[in-house]
Structures are given as C-alpha cells and as structure tokens.
Amino acid sequence: MTSLDLSTDRPARRHSLSLSIGLALVGLNVVVAILTLFWTPYDPLNASGGRLEAPSWLHWVGTDRLGRDYLTQIMIGARTALIVGTGAVAIGASIGVTLGILAAFATRLLDDVMAATLDILIAFPTLLLAMLVVAASDSASLWSAILALGLAISAIVARLTRILAKRVLRQDYIIASRTSGTSWLGVVAWHVLPNIWPTLSVNFALQFGLAVIAEASLSYLGLGAPPPNASWGRLLQEAQGTVYTAPVGSIAPGIALVALVIGMNLFADGLRDVGDPTRRRSR
Amino acid sequence: MTGNTIDLGELSRLSRKGRRSILASAALAMLSTSTAALAQDANFDPDASVVIGSLYEPQNLDNTAGAGQGINEAFNGNVYEALFTLTDAGDVTPGLVAEQTISEDGLTYTFKLRPNVTFHSGDPLTAQDVKHSIERVVAPDSKSSRKKSLATISGIETPDDQTVVVKLSARSISLPYNLSYVWIVNDAAKDLNAGEDGTGPYRLDEWRRGSSLALSRNDKYWGTAPTNGEVVFQYFTDATALNNALLTGAVDVITSVQSPDSIAQFKDNPDFTVTAGQSTTKELLAFNDRVEPFNNVKVRKAIARAIDDKKLLQSIWGEYGTLIGSFVPPTDPWYVDLTGVDAYDVESAKALLKEAGFADGFSFKLDTPNYDPHPIVAQFLQSELAKVGIKVEINVITANEWYTKVYKAHDFQATLQEHVNHRDIVFYGNPDFYWGYNNPDVVDLIKESEAAANTDAQTAKLTEANRIIAEDAASNWLYLYPQIVVSSSAVTGYPVNGLNSQFFAYNIKKSGN
C-alpha cells in the first residue's frame, strides 16, 4: 500500500462506520415497527401478567402495573416513533422546501419579511408550538402531534433551503441555463434541488431524531398519542412512580428512545460524510 | 346544607394546583398510633423540634383567601382553633365551646365559650371574635371552600362576652361539624394573609415562602401543652425529593405518600414507621348520567359488573387501599358495605347490556385527567370493557380542561376523577352537579337528612340514600385510596388520617437521643 492509498482509505472507513451503525439501529427499529403490524409477544391490552413482574422468559422486559407486557409496549412504541418521525419530517420537508425556494426567488422586501418570520418561528420553542396545536385541536392525538412537529420543522427547513438555494442561484451556470431557455421551474428541478439535496437530507435525518424526542416529551405530558397507542414517552411517564421498585420499566423505553435517536444522528453524520462533496474534499 | 353543597373551593384548587391538591386526602381514622406511641413515651424530648415534610405549601396564611389545603394542614388545631374540633378519628368534639344549647325547633344554637382563653396577641377571646370569625367565612369575598355549607346561618347574636347565639333559617344537623373548620380569629387582627392571631397551642414563628413554615409552642395555651417545642413544615414540590429528605433525616414525618412503590424503601426498615389508614379519597368512573347511553341504569350497572375493581386496586396500590361499593367510605357514619352490589361478573354484565339494547356494545369517550393514576386506570377500564364489547376512547385532558369542560360545562360522556372530601355523599342530592344524577328520592333524603332532629335520624336517611345510589350505579366507584404516613421511628403521636387535610402536631413526641 502506498501512502496515497492511505489518505483515501481512512475517511472511507469512517464514513462506513457511523453510517452502518446508524443504519443498523434505525433498521432494527423499522423491522420491529413493521413486525408489530403482524405480531407482538402479547396483545397490548392483555393484562394477564402480575403487577410489575421482573424480566423473565414469559415477559422479557417484565410487566407494568396492570400486568401488561413491557416488550410489547416498547415494540409498538417503535412504530409510533417511526410514524411520528417520518410524518413530521414529511410535513416539514414539503412545506419548508417550498417556502424556502419561494423566498430565494422573492423580491428583496418579501424575502426579508419571510426571513424575519422564519426567525421568529424558529425562536418559538417547538414543544410550546406543539402544545398550542394540540390544544387547538379537539383532543390530543398522534396526528395533532405530527402536524405540530411538522410545522416546527418546516420553519427550520425553510430557512436552510432559502440560504442554500440563494447560494446556488448566484452561480454563473444558472444564468447560462436561463439564457439557454430553461424555465425557472426547470432551474429549480435541474439545478437547485440536486445541489441542495445532500445538505437537506442530512438535516432531515437530524430533524427526525428531534421529532422522535419531541413526541416522547409530548406523550410524557399526556399530549401525544392517547392510550392504548404505546409511546415511549408515555411508558416513561407511567413508570416514573415505580422507578425504584421496577427500574426496568423506565430504563427499557429510555434505551429504545436513545438508540433510535443516536442511530438517526449517526446516520445523518454518515450521510453528510458520504453525500456532501465539499466535506469529502476537505478531508 | 342541602343537596347543593358543592365544594367549589376544593374544585377550584384542582384547577389551580392540579394533581397535588386533589390528591390531598381528607382521610379518616382507622389505624391508631397507639402501638408506636407506647414504645417512645418514656424518653421523649419535651422541647424537640419536629420537621414535617409536605407537598402542600399554602399560597397565603388565610383559609378564607384561597390559601389551599396546605394551610389547613399547618394551622387547623395547631395555630387556630374552632368552636368544635373534628378529631383524627372523625368525631366532632367541643373545641372553644364549653356548653351548647339547641332550641326545640333546632333553629337556635347557643354556645357558651370556654373561659380564660387568650389569643397569641394577648387579647381575650370574646363572643365578638366568634361572630367576626364566622362572618368572614361567609362574607361575599370569602374564598372558603366551606362557605355554602354555612348558608343556613341567618344571624349571629352576642348577648354577652361569653355567649354566642347562632340563628338558622333551616335545621342544620351538621352545624357543629361545619363549624369545625371555621377558624376563630381575633377580630382586631390585621394582616391574616401573612400573619396570624389564633388561640391554638402554637404560634407562627416564621414563614419562609417557598420553603417552610415554623410554629413554636404557645406557653400561654389554655389547654394541654404540646409534647414538643417547635414544629416546622418543610415544603417540597417533588415527591421523590420529599422521600429522600426523610431517608436522610432532613424531615421526621411525611404527611401523605402517594404511591405504594415509594413505600418500599421505608417498609421493613426499623428506622421508619409506615402507617396506613383509610382516606376519604375515592377514585371514580363518573358517567354523565344525563346523556345516552349512561342515562340507562342497566348500562351503568353492566359497566360496574364488567370491571374487576379488586385487580385494579391491586395494580395501582399493591396491598394498600380498600374496595368500596358506593361513594361513602367506611369512616362516614352512613357507611354500609355495598361492595356486593354489582360485583364483578362479566356474564351478567353482558346480559344486562343485551337487555339494555346494546348486545353489540357501544363506544364512548372517557375524559381522562393527565396525571397519575387516571391514565393507567383508563387503560385498565379500556381492556376490561373491551371484553363486554364496549370500546373506550381515551381522551387525555389537563386538570384545567377537566374543570371547564367536565365540571363547568358538563360536556362529557364519562370521566375519571378522585373525590377527596369527607361526608360528600350530598353531591348526589344535587341534580346540577357535573355527573347529573337525578333521583328525586335521593334529593329528598339528602335534604331531609340535614333537617333531621338528631344524628341517628340523619344517619338513617343518608344510609338509605347511600343504598339507592349504589343500586342505581349512579357512578362507578372504583376504590378508596389508602392514607399513608411515613415517619422516622424516633417520632410518634402524629395523626394518621389527616381528615379534611388536618395534621395536628401537638401530640407528636420525638425521642431525645
């Protein structure tokens, strides 16, 4: 091996490590979430176990106060987390990217107004915004939580899109492309989006992790998915009083939550290293 | 006091402080402290400082100014006394009254006051002070939760300094009971929000807002002197911090523990004493009896039979707590064991549903306050009722929403709530109460019970009402909370029940070493 080989080898290994750990953690969650659609160890409403049983062969993670299987609850919690993460990012991405691009094309005054509005929205705490949306809707549900988090994410995505798009629009090849007859829509489709996509996708992955934590927080406060839809946040809340006598009830959903969020962050990290050409060159 | 004795103060506290306040247990005596008390009697320190850990810090020091239950805990019987005393065992005994005469028609009560009683400021207790004290509780701007129960008082006369004559517009057998929470304050006292002037065995030493309330022994007290020198109420906002304070010796006693799982660390440890009494706090599945399908008594009975209360109680409280068959706890005089009415029986529940025309079940929305234990109780009900084909949609709401939506607007199908009060069966005599139970027989019985000539007649009427609400399954009474007090084993003589949130400190003994 020559020294030249080494310099290209090392970063390549780094990328694959965080990307693959991230993919493994997220993948595990996805598999579990899909599995719950067809099979869970117990019926989530089945309260046949004893009160706060310790982990055993029958109940791998023990049971809650009502005698329900914790593993079942945590598995369904994985599904809830994925639905919320995906839903919130999808809403955030569609609104955010559209607004960001519009802002990038807007007149100076309109752009300033939009930028200021976005800054205010971003300064507004996500959880508070989510609580307002939940309070405004008839009753707390998974969908109100997703909508609320999606709106919060859309502001962040819009600001990022606006900055990235403006940078692309200043390039000479855009002018070249316009003079050769490409419409503005074509410019967005052929030049802007492909160029900003690597950075945006990393951001989406990060926002996904944040949305999962935010949903857990909302559920912890009783503003997320209503029972019986298990959510890690609600499991944590319900296990709070028994943390001394049955610690596994609070540790297990905590680990699941951390694993998914760390997995998503590592995935984002790996994605950035792989997908962002500027970074790859700088290393 | 008629059927419309809504304890508004109790409920507005709910809206303000949410879980803590409503969890507050007005608990009744079951377990006596005698066993523990005997061991320590010999070597207690008469000047000891006793630290009481509580979650209920008062907002101010006046129970007619919306101070919350914490002020009753700290001041009732300790700093302020009343004409009558509600003992920890649930009896009403004379307090500042030496002698009472009731007129033939039951409308005039003449009270002779105890002689030689002085306020902490040195002023003597006079009939004018008593008149002033009752009037400030019923005054229009009073925020006392008990105001309505004194509404039958039509006039107060003071023929001499030692005599108070209370005139009523209607018979009120509960008058002495109701007077037990009317603090007798000096009519010359100025700022009762931040100070005090009572007749009790302790005087206010120092109030550190957000932290503690210190009471020191009143050496000029007319009655038996306290068995300790000083009492400090130390306030916590977090139950875990409070438990840790007891573990580390920072507090000597915790007034009420709210989860069986935090007791584990104190049980079987010789350094601590755990006492479990029966509270008056009832966990309720309250239906809106006005609306379909809960206006059908068969549906309500079917639901009562479909729920395994025993398993639920065991899930929430482990080995603690008591099953009840109606709204009346065993410590109310009109208690009868009604747990056999609509006992757990899934098959007969199904049969009743069929008779009611709901063979295929139905679904309803259960408004569930977002604090423990309601969400977990809701999930239990959901799985139990699923077995008889009833689908429960859980709607999680905040304490404030509960107050506006359920309690005020009656905009609900069914809800979960705990009711803390002592002697509160009267709520079922008020058709306008949030659950809308309207049975003219019960309304009459409750009205008549208050106008009863003696307590036996009152008890007979309310026992009858109690049976009827149970047979009607007016609500579904899930279980009765335990009242659990935990203390260091060096401390004895505290009340185990904290009835109406009271915590008499004057008999507490702390060993000298």
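In this predicted model, helix α9 (residues 309-317) of chain B packs against helix α11 (residues 374-386) of chain B, their axes lying 11 Å apart and meeting at an angle of about 150°. Because angles over 145 degrees count as roughly antiparallel, α9(B) is to be described as roughly antiparallel to α11(B). The crossing of α9(B) and α11(B) is right-handed. On the α9(B) side the contact is formed by B:Leu312, B:Ser315 and B:Ile316, which meet B:Ile376, B:Val377 and B:Phe380 in α11(B). By class, the residues where α9(B) and α11(B) touch comprise five nonpolar, one polar and no charged.

From this helix pair we can turn to the nonpolar cores. The largest of them has 137 residues, and B:Ile52 and B:Leu83 are the ones with the most contacts inside it. Strand β17 (residues 476-488) of chain B supplies the largest share of this core, namely eight residues. Around B:Leu83, once its neighbours within four places in sequence are set aside, the residues in contact are B:Gly95, B:Leu96, B:Val97, B:Phe111, B:Val130, B:Leu179, B:Val182 and B:Ile184.

What remains is the meeting of the two chains, where 17 residues of chain A are in contact with 22 residues of chain B. The side of chain A that touches chain B consists, by class, of eight nonpolar, six polar and three charged residues.

Key. Residues are numbered from 1 along each chain as its sequence is written. Chains are lettered from A and ligands numbered from 1 in the order in which they are written. This is a predicted model: local features need pLDDT of at least 70, side-chain atom pairs count only at pLDDT 80 or more; totals for chains, interfaces and linings use all residues. A nonpolar core is a set of buried Ala, Val, Leu, Ile, Met, Phe, Trp, Tyr and Cys residues joined through C-beta atoms within 7 Å. A residue is buried if 20 or more other C-beta atoms lie within 10 Å of its own, exposed if 12 or fewer, and partly exposed in between; C-beta atoms are placed from the backbone. Helices (H or I, at least four residues) and strands (E, at least two) are DSSP runs, numbered from the N terminus. Two residues are in contact if their C-beta atoms, placed from the backbone, lie within 7 Å. Ala, Val, Leu, Ile, Met, Phe, Trp, Tyr, Cys and Pro count as nonpolar, Asp, Glu, Lys and Arg as charged, and the others, Gly among them, as polar. Axes are lines fitted to C-alpha atoms, for helices over the stretch in contact, and angles run from 0 to 180 degrees between N-to-C directions. Angles under 35 degrees count as roughly parallel, over 145 as roughly antiparallel, 65 to 115 as roughly perpendicular and the rest as oblique. A crossing is left-handed if the near helix is turned anticlockwise from the far one by less than a right angle, and right-handed if clockwise.
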